[in-house]
Amino acid sequence: MFSVKPMKSPLAKVVEAPIHGPTIEVHLADTSYLPRGEKMRKPTHCVLTPKYATLAERIHRLPVYDDDVWILSFPKCGTTWTQEMVWLISHDLDYKTASEVNLLDRSIFLEFSAFVLNFPGDTIEEVENATRPRHIQCHLPIALLPRQIWTVRPKLIYCARNPKDATISYYHHHRHIHGYQGSLQEFLDGILADQVLFGPQIPHTLDFWNIRREMNILFLHFEEMKTSMDAVLRRVCKYFNKTYTDEQLAQLANHLSFDVMKNNKSANNSCVLELVESLSGKKVENFQFMRKGKIGSHSEELTEEYIRKLDEYTQHHLAESDFRFK
(Lines give C-alpha, C1' and ligand atoms only; values in the text may rest on other atoms or scores of the structure.)
Protein backbone atom coordinates (compact mmCIF):
# COMPACT_ATOMS: atom_id res chain seq x y z
CA MET A 1 0.00 0.00 0.00
CA PHE A 2 2.82 2.39 0.86
CA SER A 3 6.38 2.69 -0.37
CA VAL A 4 9.02 4.15 1.89
CA LYS A 5 12.27 5.85 0.95
CA PRO A 6 14.82 6.66 3.68
CA MET A 7 16.08 10.24 3.50
CA LYS A 8 19.86 10.03 3.66
CA SER A 9 21.03 13.35 2.22
CA PRO A 10 23.29 15.53 4.40
CA LEU A 11 20.57 18.20 4.42
CA ALA A 12 17.90 15.73 5.60
CA LYS A 13 20.22 14.82 8.45
CA VAL A 14 20.79 18.47 9.36
CA VAL A 15 17.05 19.27 9.58
CA GLU A 16 16.26 16.25 11.75
CA ALA A 17 15.09 17.09 15.24
CA PRO A 18 15.29 15.12 18.50
CA ILE A 19 11.53 14.86 19.02
CA HIS A 20 11.01 12.86 15.82
CA GLY A 21 14.45 11.58 14.73
CA PRO A 22 15.28 10.38 11.18
CA THR A 23 12.89 10.98 8.29
CA ILE A 24 11.56 9.02 5.35
CA GLU A 25 9.49 9.77 2.27
CA VAL A 26 6.14 7.97 2.35
CA HIS A 27 4.36 7.41 -0.96
CA LEU A 28 0.95 5.85 -1.60
CA ALA A 29 1.38 2.99 -4.08
CA ASP A 30 -2.24 2.69 -5.27
CA THR A 31 -3.94 6.05 -5.81
CA SER A 32 -6.85 4.71 -7.89
CA TYR A 33 -9.43 5.11 -5.11
CA LEU A 34 -8.67 8.80 -4.47
CA PRO A 35 -11.03 11.49 -5.83
CA ARG A 36 -10.01 12.63 -9.31
CA GLY A 37 -10.46 16.35 -8.73
CA GLU A 38 -10.51 19.06 -11.37
CA LYS A 39 -7.10 18.28 -12.88
CA MET A 40 -5.00 15.17 -13.11
CA ARG A 41 -2.46 15.35 -10.27
CA LYS A 42 -0.13 12.82 -8.77
CA PRO A 43 -0.85 13.11 -5.04
CA THR A 44 2.14 14.34 -3.10
CA HIS A 45 4.28 12.15 -0.89
CA CYS A 46 5.00 13.23 2.68
CA VAL A 47 8.15 13.48 4.77
CA LEU A 48 7.49 11.48 7.92
CA THR A 49 9.33 9.07 10.23
CA PRO A 50 10.07 5.35 10.48
CA LYS A 51 7.74 5.29 13.49
CA TYR A 52 4.92 6.63 11.31
CA ALA A 53 5.58 3.88 8.75
CA THR A 54 4.80 1.22 11.38
CA LEU A 55 1.37 2.84 11.97
CA ALA A 56 0.47 3.94 8.44
CA GLU A 57 -1.80 0.94 7.82
CA ARG A 58 -3.74 1.61 11.03
CA ILE A 59 -4.41 5.15 9.87
CA HIS A 60 -5.26 3.92 6.37
CA ARG A 61 -7.86 1.48 7.80
CA LEU A 62 -9.27 3.89 10.41
CA PRO A 63 -13.10 3.78 10.49
CA VAL A 64 -14.59 7.09 9.36
CA TYR A 65 -18.10 8.35 10.18
CA ASP A 66 -20.29 10.76 8.26
CA ASP A 67 -20.56 13.07 11.29
CA ASP A 68 -16.78 13.36 11.63
CA VAL A 69 -15.20 16.79 11.30
CA TRP A 70 -11.64 16.79 9.92
CA ILE A 71 -9.46 19.92 10.29
CA LEU A 72 -6.68 19.62 7.72
CA SER A 73 -3.60 21.76 7.11
CA PHE A 74 0.13 21.92 6.74
CA PRO A 75 1.80 22.75 10.10
CA LYS A 76 1.68 26.38 11.29
CA CYS A 77 -1.10 27.42 8.92
CA GLY A 78 -3.77 28.37 11.46
CA THR A 79 -4.64 24.86 12.59
CA THR A 80 -5.27 25.60 16.27
CA TRP A 81 -7.26 28.70 15.41
CA THR A 82 -9.42 26.74 12.96
CA GLN A 83 -9.96 23.90 15.44
CA GLU A 84 -11.32 26.22 18.13
CA MET A 85 -13.52 28.13 15.67
CA VAL A 86 -14.99 25.00 14.10
CA TRP A 87 -15.57 23.23 17.42
CA LEU A 88 -17.44 26.18 18.92
CA ILE A 89 -19.59 26.84 15.84
CA SER A 90 -20.57 23.19 15.52
CA HIS A 91 -21.23 22.86 19.28
CA ASP A 92 -23.65 25.77 19.66
CA LEU A 93 -21.02 28.14 21.10
CA ASP A 94 -20.50 25.99 24.19
CA TYR A 95 -17.82 28.16 25.79
CA LYS A 96 -18.24 26.37 29.14
CA THR A 97 -17.13 22.98 27.79
CA ALA A 98 -14.47 24.67 25.67
CA SER A 99 -12.97 26.21 28.80
CA GLU A 100 -13.12 22.96 30.78
CA VAL A 101 -11.93 20.47 28.14
CA ASN A 102 -8.61 21.08 26.42
CA LEU A 103 -8.72 21.60 22.66
CA LEU A 104 -6.39 18.61 22.14
CA ASP A 105 -9.09 16.43 23.72
CA ARG A 106 -11.92 18.09 21.80
CA SER A 107 -10.07 17.97 18.46
CA ILE A 108 -7.59 15.08 18.49
CA PHE A 109 -4.31 15.24 16.56
CA LEU A 110 -4.55 11.90 14.74
CA GLU A 111 -0.91 11.18 13.88
CA PHE A 112 0.76 12.89 16.85
CA SER A 113 1.87 9.66 18.51
CA ALA A 114 2.97 8.31 15.10
CA PHE A 115 5.92 10.68 14.80
CA VAL A 116 6.83 11.77 18.33
CA LEU A 117 9.47 9.47 19.79
CA ASN A 118 8.66 8.05 23.23
CA PHE A 119 5.12 9.45 23.13
CA PRO A 120 3.33 7.99 26.18
CA GLY A 121 -0.06 7.45 24.49
CA ASP A 122 -1.81 6.41 21.28
CA THR A 123 -3.60 9.23 19.49
CA ILE A 124 -4.88 6.88 16.76
CA GLU A 125 -6.66 4.86 19.44
CA GLU A 126 -7.95 8.11 20.97
CA VAL A 127 -9.58 8.96 17.64
CA GLU A 128 -11.00 5.45 17.32
CA ASN A 129 -12.59 5.68 20.78
CA ALA A 130 -13.64 9.34 20.72
CA THR A 131 -17.27 10.26 21.35
CA ARG A 132 -19.08 11.17 18.15
CA PRO A 133 -19.26 13.55 16.46
CA ARG A 134 -15.46 13.38 16.43
CA HIS A 135 -13.27 16.38 15.65
CA ILE A 136 -9.94 15.27 14.21
CA GLN A 137 -6.89 17.39 13.40
CA CYS A 138 -4.49 16.08 10.76
CA HIS A 139 -1.44 17.33 8.83
CA LEU A 140 -1.29 14.36 6.45
CA PRO A 141 -1.76 14.89 2.69
CA ILE A 142 -4.72 13.35 0.87
CA ALA A 143 -2.71 10.27 -0.12
CA LEU A 144 -2.17 9.23 3.50
CA LEU A 145 -5.62 9.94 4.96
CA PRO A 146 -7.92 7.06 5.94
CA ARG A 147 -9.35 5.40 2.85
CA GLN A 148 -12.95 5.61 4.10
CA ILE A 149 -12.86 9.42 3.98
CA TRP A 150 -13.40 9.30 0.24
CA THR A 151 -16.53 7.11 0.43
CA VAL A 152 -18.07 8.17 3.76
CA ARG A 153 -17.51 11.87 2.94
CA PRO A 154 -17.34 13.55 6.38
CA LYS A 155 -16.92 17.28 6.79
CA LEU A 156 -13.44 18.44 5.72
CA ILE A 157 -12.08 21.89 6.57
CA TYR A 158 -8.74 22.94 5.10
CA CYS A 159 -6.73 26.02 6.13
CA ALA A 160 -3.99 27.39 3.85
CA ARG A 161 -1.34 30.01 4.63
CA ASN A 162 1.23 31.96 2.64
CA PRO A 163 4.32 29.71 2.48
CA LYS A 164 6.76 32.43 3.56
CA ASP A 165 4.91 33.15 6.81
CA ALA A 166 4.22 29.45 7.37
CA THR A 167 7.90 28.65 6.86
CA ILE A 168 9.24 31.15 9.38
CA SER A 169 6.59 30.09 11.91
CA TYR A 170 7.46 26.43 11.32
CA TYR A 171 11.15 27.19 11.84
CA HIS A 172 10.47 28.57 15.33
CA HIS A 173 8.16 25.63 16.06
CA HIS A 174 10.79 23.17 14.82
CA ARG A 175 13.48 24.81 16.94
CA HIS A 176 11.56 25.20 20.19
CA ILE A 177 9.13 22.25 20.09
CA HIS A 178 11.04 19.67 18.03
CA GLY A 179 14.44 20.61 19.43
CA TYR A 180 16.00 21.46 16.05
CA GLN A 181 19.59 22.66 16.50
CA GLY A 182 20.47 23.78 12.97
CA SER A 183 20.46 27.28 11.53
CA LEU A 184 17.61 29.19 9.92
CA GLN A 185 19.44 29.02 6.58
CA GLU A 186 19.70 25.22 6.78
CA PHE A 187 16.02 24.95 7.67
CA LEU A 188 15.07 27.14 4.71
CA ASP A 189 17.23 25.04 2.42
CA GLY A 190 15.42 22.00 3.81
CA ILE A 191 12.04 23.53 2.99
CA LEU A 192 13.15 24.36 -0.56
CA ALA A 193 14.45 20.82 -1.05
CA ASP A 194 11.34 19.16 0.49
CA GLN A 195 13.40 17.64 3.30
CA VAL A 196 11.47 18.89 6.35
CA LEU A 197 8.91 16.87 8.34
CA PHE A 198 5.39 16.94 6.79
CA GLY A 199 6.69 18.62 3.63
CA PRO A 200 6.23 19.58 0.91
CA GLN A 201 3.70 22.31 1.80
CA ILE A 202 2.54 23.62 -1.57
CA PRO A 203 1.64 20.28 -3.21
CA HIS A 204 -0.13 19.42 0.07
CA THR A 205 -2.33 22.49 -0.36
CA LEU A 206 -2.84 22.03 -4.10
CA ASP A 207 -4.00 18.43 -3.68
CA PHE A 208 -6.79 19.55 -1.35
CA TRP A 209 -7.64 22.55 -3.55
CA ASN A 210 -7.97 20.24 -6.55
CA ILE A 211 -10.66 18.11 -4.85
CA ARG A 212 -12.42 20.86 -2.90
CA ARG A 213 -15.64 20.80 -4.96
CA GLU A 214 -15.82 17.04 -5.38
CA MET A 215 -15.42 16.49 -1.63
CA ASN A 216 -17.26 19.61 -0.44
CA ILE A 217 -14.20 20.88 1.40
CA LEU A 218 -14.54 24.16 3.27
CA PHE A 219 -11.35 25.88 2.12
CA LEU A 220 -10.11 28.70 4.37
CA HIS A 221 -7.11 31.02 4.31
CA PHE A 222 -5.21 32.11 7.41
CA GLU A 223 -5.03 35.62 5.96
CA GLU A 224 -8.83 35.83 5.56
CA MET A 225 -9.23 34.86 9.18
CA LYS A 226 -6.94 37.75 10.14
CA THR A 227 -8.55 40.40 7.93
CA SER A 228 -12.18 39.29 7.47
CA MET A 229 -13.07 37.09 10.43
CA ASP A 230 -16.76 38.01 10.35
CA ALA A 231 -17.08 36.77 6.76
CA VAL A 232 -15.15 33.59 7.60
CA LEU A 233 -17.38 32.89 10.60
CA ARG A 234 -20.48 33.23 8.44
CA ARG A 235 -19.03 30.80 5.87
CA VAL A 236 -18.27 28.26 8.59
CA CYS A 237 -21.76 28.69 10.07
CA LYS A 238 -23.30 28.06 6.65
CA TYR A 239 -21.16 24.95 6.20
CA PHE A 240 -22.50 23.57 9.50
CA ASN A 241 -26.07 24.84 8.97
CA LYS A 242 -25.80 27.01 12.08
CA THR A 243 -27.34 30.44 12.62
CA TYR A 244 -26.12 32.92 15.23
CA THR A 245 -26.89 36.56 15.93
CA ASP A 246 -24.52 39.39 15.06
CA GLU A 247 -23.82 39.77 18.78
CA GLN A 248 -22.96 36.09 19.14
CA LEU A 249 -20.62 36.23 16.16
CA ALA A 250 -18.95 39.35 17.55
CA GLN A 251 -18.39 37.52 20.86
CA LEU A 252 -16.95 34.55 18.98
CA ALA A 253 -14.66 36.79 16.93
CA ASN A 254 -13.35 38.29 20.16
CA HIS A 255 -12.83 34.83 21.66
CA LEU A 256 -10.84 33.86 18.56
CA SER A 257 -8.72 37.03 18.47
CA PHE A 258 -5.01 36.33 18.75
CA ASP A 259 -4.53 38.14 22.04
CA VAL A 260 -7.35 36.17 23.68
CA MET A 261 -6.39 32.82 22.13
CA LYS A 262 -2.71 33.00 23.07
CA ASN A 263 -3.69 33.39 26.75
CA ASN A 264 -6.43 30.73 26.69
CA LYS A 265 -4.83 27.67 28.35
CA SER A 266 -7.63 25.45 27.10
CA ALA A 267 -6.94 26.31 23.46
CA ASN A 268 -3.38 27.67 23.09
CA ASN A 269 -1.62 24.27 23.13
CA SER A 270 0.46 25.20 26.18
CA CYS A 271 0.02 21.55 27.22
CA VAL A 272 2.11 20.60 24.17
CA LEU A 273 5.00 22.62 25.61
CA GLU A 274 4.56 20.80 28.92
CA LEU A 275 4.60 17.43 27.14
CA VAL A 276 7.73 18.33 25.17
CA GLU A 277 9.44 19.45 28.38
CA SER A 278 8.56 16.17 30.08
CA LEU A 279 9.82 14.09 27.13
CA SER A 280 13.05 16.05 26.67
CA GLY A 281 13.77 16.95 30.25
CA LYS A 282 14.46 20.51 29.11
CA LYS A 283 12.59 23.76 29.65
CA VAL A 284 11.15 25.39 26.51
CA GLU A 285 12.36 28.96 26.89
CA ASN A 286 10.89 32.15 25.41
CA PHE A 287 8.31 30.45 23.20
CA GLN A 288 4.54 30.26 22.95
CA PHE A 289 2.79 27.80 20.64
CA MET A 290 0.78 30.75 19.33
CA ARG A 291 3.77 32.99 18.64
CA LYS A 292 2.84 36.06 16.54
CA GLY A 293 -0.07 35.23 14.26
CA LYS A 294 0.84 38.03 11.87
CA ILE A 295 0.54 38.45 8.12
CA GLY A 296 3.90 39.24 6.54
CA SER A 297 5.98 38.34 9.60
CA HIS A 298 8.50 36.59 7.35
CA SER A 299 9.83 40.00 6.25
CA GLU A 300 11.20 40.54 9.75
CA GLU A 301 13.48 37.49 9.56
CA LEU A 302 14.01 36.34 5.98
CA THR A 303 16.71 37.84 3.77
CA GLU A 304 15.81 39.16 0.34
CA GLU A 305 17.62 36.16 -1.14
CA TYR A 306 15.40 33.64 0.64
CA ILE A 307 12.24 35.64 0.00
CA ARG A 308 13.13 35.44 -3.69
CA LYS A 309 13.91 31.71 -3.47
CA LEU A 310 10.64 30.96 -1.69
CA ASP A 311 8.73 33.04 -4.24
CA GLU A 312 10.35 31.11 -7.09
CA TYR A 313 9.67 27.78 -5.34
CA THR A 314 6.01 28.76 -4.88
CA GLN A 315 5.58 30.00 -8.45
CA HIS A 316 7.07 26.77 -9.78
CA HIS A 317 4.47 24.68 -7.94
CA LEU A 318 1.58 27.00 -8.83
CA ALA A 319 2.44 27.18 -12.53
CA GLU A 320 -0.40 24.91 -13.67
CA SER A 321 -2.93 25.69 -10.94
CA ASP A 322 -5.54 28.42 -10.50
CA PHE A 323 -4.89 28.42 -6.74
CA ARG A 324 -3.13 31.42 -5.22
CA PHE A 325 -2.01 31.99 -1.66
CA LYS A 326 -3.29 35.16 -0.06
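I take a polar contact to be a pair of N or O atoms within 3.5 Å. The model I examined is predicted.

**Entry 1: glutamate 223**

I began with glutamate 223, which I found in helix 11 (residues 222-227). Its side chain reaches the backbone nitrogen of asparagine 162 at 2.9 Å. I read glutamate 223 as buried because its relative accessible area is 5%, and the cut-off for buried is under 20%. Leaving aside neighbours within four places in sequence, I listed Ala160, Arg161, Asn162, Ile295 and Lys326 as the residues in contact with glutamate 223.

**Entry 2: asparagine 162 and helix 8**

I followed asparagine 162 to the helix that it caps. Asparagine 162 sits at the N-terminal end of helix 8, where one of its side-chain oxygens lies 2.9 Å from the backbone nitrogen of lysine 164. I noted that helix 8 (residues 163-176) has 14 residues. From first C-alpha to last, helix 8 reaches 20 Å, close to the 20 Å expected at 1.5 Å a residue. Is helix 8 mostly covered or mostly open? I found it mostly covered, with 13 of its 14 residues buried.

**Entry 3: threonine 205**

I located threonine 205 in helix 10 (residues 201-210). Threonine 205 has a relative accessible area of 1%, so I recorded it as buried. Beyond its neighbours within four places in sequence, threonine 205 is in contact with Tyr158, Ala160, Phe219, Phe323 and Phe325. Ala160 is also listed among the contacts of glutamate 223. For alanine 98, I recorded a distance of 29 Å from threonine 205, C-alpha to C-alpha, at 107 residues apart in sequence.

**Entry 4: serine 90**

I placed serine 90 in helix 3 (residues 79-90). Serine 90 counts as buried because its relative accessible area is 17%, and the limit is under 20%. Which backbone oxygen does the side chain of serine 90 reach? I found that of tryptophan 87, at 3.2 Å. A polar contact of 3.3 Å also joins the side chains of serine 90 and histidine 135. With neighbours within four places in sequence left aside, His135, Phe240 and Lys242 are in contact with serine 90.

**Entry 5: helices 12 and 13**

I examined how helix 12 (residues 229-239) meets helix 13 (residues 246-255). Their axes come within 10 Å and cross at roughly 115 degrees. Helix 12 is therefore roughly perpendicular to helix 13. From helix 12, I listed Met229, Asp230, Leu233, Arg234 and Cys237 as making the contact; from helix 13, Asp246, Leu249, Leu252 and Ala253. I recorded the crossing of the two helices as right-handed.

**Entry 6: backbone geometry**

Most residues other than glycine have a negative phi, and most peptide bonds are trans. Asparagine 241, in the loop between helix 12 and helix 13, has a positive phi of about 55 degrees. I counted asparagine 241 as exposed because its relative accessibility is 71%. Asparagine 216, in the loop between helix 10 and strand 8 (217-221), has a positive phi near 50 degrees.

I noted a cis peptide bond from arginine 132 to proline 133, with omega near 0 degrees. Proline 133 is in the loop between helix 6 (123-129) and strand 6 (135-138). A cis bond also joins glycine 199 and proline 200, with omega about 0 degrees. I found proline 200 in the loop between helix 9 (184-192) and helix 10.

Conventions
Residues are numbered from 1 along each chain as its sequence is written. This is a predicted model: local features need pLDDT of at least 70, side-chain atom pairs count only at pLDDT 80 or more; totals for chains, interfaces and linings use all residues. Side-chain values use heavy atoms; hydrogens and water are left out. Helices (H or I, at least four residues) and strands (E, at least two) are DSSP runs, numbered from the N terminus. Buried means under 20% relative accessible area, exposed over 50%, partly exposed in between (1.4 Å probe, protein chains only). A polar contact is a pair of N or O atoms within 3.5 Å; within protein, one must be able to donate a hydrogen and the other to accept it, and residues adjacent in sequence count only if both atoms are side-chain atoms. Contact means heavy atoms within 4.5 Å. The expected span of a helix is 1.5 Å times one less than its number of residues. Axes are lines fitted to C-alpha atoms, for helices over the stretch in contact, and angles run from 0 to 180 degrees between N-to-C directions. Angles under 35 degrees count as roughly parallel, over 145 as roughly antiparallel, 65 to 115 as roughly perpendicular and the rest as oblique. A crossing is left-handed if the near helix is turned anticlockwise from the far one by less than a right angle, and right-handed if clockwise.
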